[in-house]
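Work through these exercises with the model open. Each task is followed by a stepwise solution.

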Amino acid sequence: MSSTVKSPWLIHYDASSCNGCDIEVLACLTPMYDVERFGIINTGNPKHADIFLVTGSVNERNSKVVQQIYSQMLEPKVVIACGICACSGGIFKECYNTLGGVDVAIPVDVYAPGCAIRPEAIIDAVVTGLGVLEEKRAAVAEGRIEAPALPQTPTAADKLVDAQTVRAAALAETQSGWATRERSPQ
Ligand code: SF4
């Protein structure tokens, strides 16, 4: 087992979380759960981090920040989507300015749902991420790993059009229901 896996450093970014998941991340770092006893250190520098822990959903503005942090991290690196908002957009998924989960901006290795995600689930996700990290470390050592292309992120304008389309379809369906009721005999 490599030293990276024995003592992984992580960077946490709050995309547009309600702060519920962030408080649980903080709980992991404080004495109650104390992940430092496993060698897990929270760093503010992407160049020092092995694991990118993201909470909250992605929007047009923060998608660029997420991509920038990801690009600054060295290989091997692992991304954990922490909480259902980071996994899929969660309850904010249909909001006009929400593009979706973290995977609309960068490749995600571990999806850890929950609202808010429990500290035990965060620790479990990190442990799962360590397995992925070890595989990637071996791939880097053998020269097999290539930097993945970042996905093309949709824009809020795309989303707005999409939301309007959804609303128009829902309205058409409702109106066709009215028409059917008006035609049917009482
Ligand atoms: S998953 Fe729930 S607690 Fe976490 S950021 Fe989303 S709404 Fe907040």
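**Exercise 1.** How many bridges join strand 3 to strand 5, and do they run parallel or antiparallel?

*Solution.* This is a predicted model: local features need pLDDT of at least 70, side-chain atom pairs count only at pLDDT 80 or more, and totals for chains, interfaces and linings use all residues. Residues are numbered from 1 along each chain as its sequence is written.

Step 1. Locate strand 3 at residues 51-55 and strand 5 at residues 78-82. Strands (E, at least two residues) and helices (H or I, at least four) are DSSP runs, numbered from the N terminus.

Step 2. Five bridges join the two strands, and they run parallel. Isoleucine 51 has valine 78 of strand 5 as its bridge partner.

Step 3. Strands pair if DSSP finds at least two bridges between them.

**Exercise 2.** Which residues of helix 3 are buried, and where on the helix do they lie?

*Solution.* Step 1. Ser63, Val66 and Tyr70 are buried. A buried residue has 20 or more other C-beta atoms within 10 Å of its own, an exposed one 12 or fewer, and a partly exposed one falls in between; C-beta atoms are placed from the backbone.

Step 1. Seen down the axis of helix 3, the buried residues fall within an arc of 65°, so they line one face. The arc is that of the directions from the helix axis to the C-beta atoms.

Step 2. The face turned away from the buried side of helix 3 carries exposed Arg61, Lys64, Gln68 and Ser71.

**Exercise 3.** Which residues do the cis peptide bonds join?

*Solution.* Step 1. Proline 76 is in the loop between helix 3 and strand 5.

Step 1. Another joins cysteine 115 and alanine 116, with omega about -15°. Alanine 116 lies in the loop between strand 7 and helix 5.
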